[in-house]
Amino acid sequence: MRVAMIGTGYVGLVSGTCFSDFGHHVTCIDKDAGKIERLNRGEIPIYEPGLDDLVRRNVEAGRLDFATDLTQAVKEAEVVFIAVGTPSRRGDGHADLSYVHAAAREIAQVAEGFTVVVTKSTVPVGTGTDLEHIIREAAPEADIAVVSNPEFLREGAAIEDFKRPDRVVIGTTDPRAREVMSALYRPLSLNAAPILFTERNTSELIKYASNAFLAMKITFINEMADLCEKVGGNVQEVARGIGLDGRIGSKFLHAGPGYGGSCFPKDTLALMRTAQEAGSPVRLIETVTTVNETRKAAMGRKVLEALEVAPRGATVAVLGLTFKPNTDDMRDSPAINIVQSLVDRGVTVRAYDPEGMHEARKVLPPSVVYTAGAYECAEGADCLVIVTEWDAFRALDLDRLKAVLKSPIIVDLRNIYPPVDLLSRGFKYTGIGRGNVAQS
């Protein structure tokens, strides 16, 4: 099957490459000529474990190629995916659909024969209907079916998620489109992956509802962590205790500095705006977004309170900048709020991240000093803060770390170290939701 994937961002590049690995011929298209040149040279513009090898293998096999012009690829394609960005619009928080609409118009002008146009971008409810109108206006005779097929990829585990998904959601009531989409995803039948066919608006809502629910779980356990600190509980044990309940589950119950990334902040905001316009506000999600932003700000204060010297002139070492490990994505990372709050108080911030420092330079204050490793970052610092739980930070030589720090103070915002390991070595420790630990 021939597939055109418009957009080579995170979703488009991963999805297109995985479809090619299924045996389909995929052309990934992007207007950014520099990005396409890099891809044609074998350079991957994002960090995702295993993606470089998968791209190389399928390019060599002739199943995957890249282009800046969509004309030929769309003409030949049975399925055309729209996987362009839908950032939050400034001012009102709605998803900016300008790139999606533009792609639909271009597709309508060049598509030949029956073509399934699929929204892979995260879009508000009703977008599929809008795209149908746009396509009909641009090309009244075009034989096109618009389908919703939201993505559920976790950065850092996207290839595994694509090939072994919890579910595939496809929104269409067109029998021809359903047949095409069934054929496209047939390789997943070997893994017995559930494929849920539903009405298009329902499919679009499933994506937003999923992310909002997960954001709610994260925010819930973060508030439980705050309560644990007040009453003397251990949030990790609380999470385990409630997570063993099959109705709740253990995933997304890890307390930390707040959620970030490309999906949760943007999608919860877009769902709120959609619900408000529909006259059915989602009060719970509105509270979740407020609590999450408040929490990020509170993490900077938590670090400042751990210092034993005045903030102005102090040095704080920050380990981990990306919103989660195994990605270089800095979008809405808690590190942004934390670092900015420290810099605002006159703190010198030294930082290290295994993959995210290039992207971090674009969003963090220019005064941040980037280092080549964790120990270099900690050298002479008055406090060390763990913001992102990279595996590289889970097995640090604590004795070496203590020797290079100016003051043996660790603020572990991901609870990756047992407090006893730090306290027994003479560190002064602050964690998240560990109110039953004597923090000295």
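The following legends describe close-up views of a predicted model. Local features require pLDDT of at least 70 and side-chain atom pairs pLDDT 80 or more, whereas totals for chains, interfaces and linings use all residues. Residues are numbered from 1 along each chain as its sequence is written, and side-chain values use heavy atoms, with hydrogens and water left out.

**View A. Aromatic pair of Phe22 and Phe162.** The structure holds nine aromatic pairs (rings of Phe, Tyr and Trp, the last by its six-membered ring, with centres within 6.5 Å; planes under 30 degrees apart are stacked, over 60 edge-to-face and the rest tilted). The rings of Phe22 and Phe162 are tilted, at 5.8 Å centre to centre and 45 degrees between the planes. Phe22 lies in the loop between helix 1 (10-21) and strand 2 (25-29), and Phe162 lies in helix 7 (residues 158-163), 140 residues apart. Helices (H or I, at least four residues) and strands (E, at least two) are DSSP runs, numbered from the N terminus. Ring pairs link Phe19, Phe22, Phe81, Phe162 and Tyr185 into a cluster.

**View B. Strand 6 and its partner, strand 5.** The five residues of strand 6 (residues 144-148) are buried (buried is under 20% relative accessible area, exposed over 50%, partly exposed in between; 1.4 Å probe, protein chains only). Ile144, Val146 and Ser148 point one way, and Ala145 and Val147 the other way. Strand 5 (residues 115-119) runs parallel to strand 6 and is joined to it by five bridges; strands pair if DSSP finds at least two bridges between them. Val118 stands opposite Val147.

**View C. Salt bridge of Arg331 and Glu155.** The model has 27 salt bridges (a side-chain nitrogen of Lys or Arg within 4 Å of a carboxyl oxygen of Asp or Glu). The side chains of Arg331 and Glu155 meet at 3.9 Å, N to O. Arg331 lies in the loop between strand 9 (315-319) and helix 13 (334-344) and Glu155 in the loop between strand 6 and helix 7, so the pair ties together parts 176 residues apart in sequence. Arg331 is partly exposed, at 44% relative accessible area, whereas Glu155 is buried, at 6%.

**View D. Charged end of Arg167 over the ring of Phe152.** The charged end of Arg167 is 3.7 Å from the ring centre of Phe152 (a charge sits over a ring if NZ of Lys or CZ of Arg is within 6 Å of the ring centre and within 35 degrees of the ring normal). Arg176 sits with its charged end over the ring of Phe114, 3.8 Å from its centre.
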